[in-house]
Amino acid sequence: MNSKGFNSEFCNPFLHRPWMVDKGAAATPASGNKGIKGIIAGGITGGIEICITYPTEYVKTQLQLDEKTSKQGSKQYNGIIDCVKKTVQSRGVFGLYRGLSVLIYGSIPKSAVRFGSFETFKSYLVDENGNLSPQSRVLCGLGAGVAEAIFAVTPMETVKVKFINDQRSPNPRFKGFFHGVTTIVRDQGFKGVYQGVTATVMKQGSNQAIRFFVMETLKNAYTDGDSKKKIPKYIIGAFGAIAGAASVFGNTPIDVVKTRMQGLEASKYKNTFDCFSKIWKQEGFTAFYKGTVPRLSRVCLDVAITFMIYESFMDLFNKVWP
């Protein structure tokens, strides 16, 4: 005790919070531009990724449509290689990119919102060493998925599914992307491009929660908790493929329900849970895993490429934009 009645032995309350001494803050300081970097890097990543993978989507669609017309004896392609060869011969290399603009419109904002949201949430939840706890990894991924579902994925996916359904009808109504969107809004109102929003939020939320949890866990294990340690990009790609596979097995049932809810026949379901119930009763459990194998191969490649490109741009931004 000193002459004024106070204990002269001062105990620093920040001994277990070293960032308090340096920063004078009550919590680990969040990087103010992390979210902005994530938005820009994510948007660029989305554009590049779809340009790389779109030819596979184009060929897949052509073979699916060809299989449909083959019943009438007019099968055009004998497989993937034949489809690529004939497309290039008749329309050139850029023929493999027909319809790319429709996915570009959605892929750039979707990826920008996803990674921007994740980086923002992460900046507030990392510990003093720059690491996320397992619970925080799930929360950040979940938040990113919900954000992209609301602001980008739901309208894009609804329009895409309606376009596919329309092309399968005897007399297609949609003449192009903008004509299709305006027709949907005119006939069904703004809610016409937000059908299946509940299922989409569930799908994207669980999707990104799984992917980012697996990705961050693998990165943390590789670096042994040292957030400053660099990870080779090919390792990032491998981690991304694993994360993609985990998300496919984890949320394909939700994806099936989402697609049904966004189709032109969605009106026969009262809501998302009614759709789930009817699929279960009428088609059985296996119906929830339709298309798993082709989706698995595409998603693993997609997620691997996405994380490799994104991490490369974030490394670049952190060097030139501290």
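How many aromatic pairs does the structure hold?

Tutor: The model is a predicted one, and it holds 14 aromatic pairs. One of them joins phenylalanine 276 and tryptophan 280: the ring centres lie 6.4 Å apart and the planes meet at 25°, so this pair is stacked. Both residues belong to helix H9 (residues 272–283), where a spacing of four residues separates them by about one helical turn. Phenylalanine 276 is partly exposed, at a relative accessible area of 39%, and tryptophan 280 is likewise partly exposed, at 46%. Tryptophan 280 also pairs with phenylalanine 285; here the centres are 6.0 Å apart and the planes stand at 75°, so the arrangement is edge-to-face.

A further group of rings is a cluster in which ring pairs link Phe115, Phe118, Phe212, Phe307 and Tyr310. Phe118, Phe212 and Phe307 are also the residues with the most contacts inside the largest nonpolar core, which has 20 residues. Two or more residues of this core come from each of helices H4 (100–125), H5 (134–168), H7 (197–223), H8 (233–262) and H10 (292–320). H10 gives the most, with six residues. Beyond its neighbours within four places in sequence, phenylalanine 307 is in contact with Phe115, Phe212, Met215, Ile236 and Gly240.

Charged groups also meet aromatic rings. The charged end of lysine 37 sits over the ring of tryptophan 321, 5.9 Å from its centre, and that of lysine 229 sits over the ring of tyrosine 222, at 5.3 Å from the ring centre.

Notes:
Residues are numbered from 1 along each chain as its sequence is written. This is a predicted model: local features need pLDDT of at least 70, side-chain atom pairs count only at pLDDT 80 or more; totals for chains, interfaces and linings use all residues. Side-chain values use heavy atoms; hydrogens and water are left out. A nonpolar core is a set of buried Ala, Val, Leu, Ile, Met, Phe, Trp, Tyr and Cys residues joined through side-chain atoms within 4.5 Å. Buried means under 20% relative accessible area, exposed over 50%, partly exposed in between (1.4 Å probe, protein chains only). Contact means heavy atoms within 4.5 Å. Rings of Phe, Tyr and Trp (its six-membered ring) pair if their centres lie within 6.5 Å; planes under 30 degrees apart count as stacked, over 60 as edge-to-face and the rest as tilted. A charge sits over a ring if NZ of Lys or CZ of Arg is within 6 Å of the ring centre and within 35 degrees of the ring normal.
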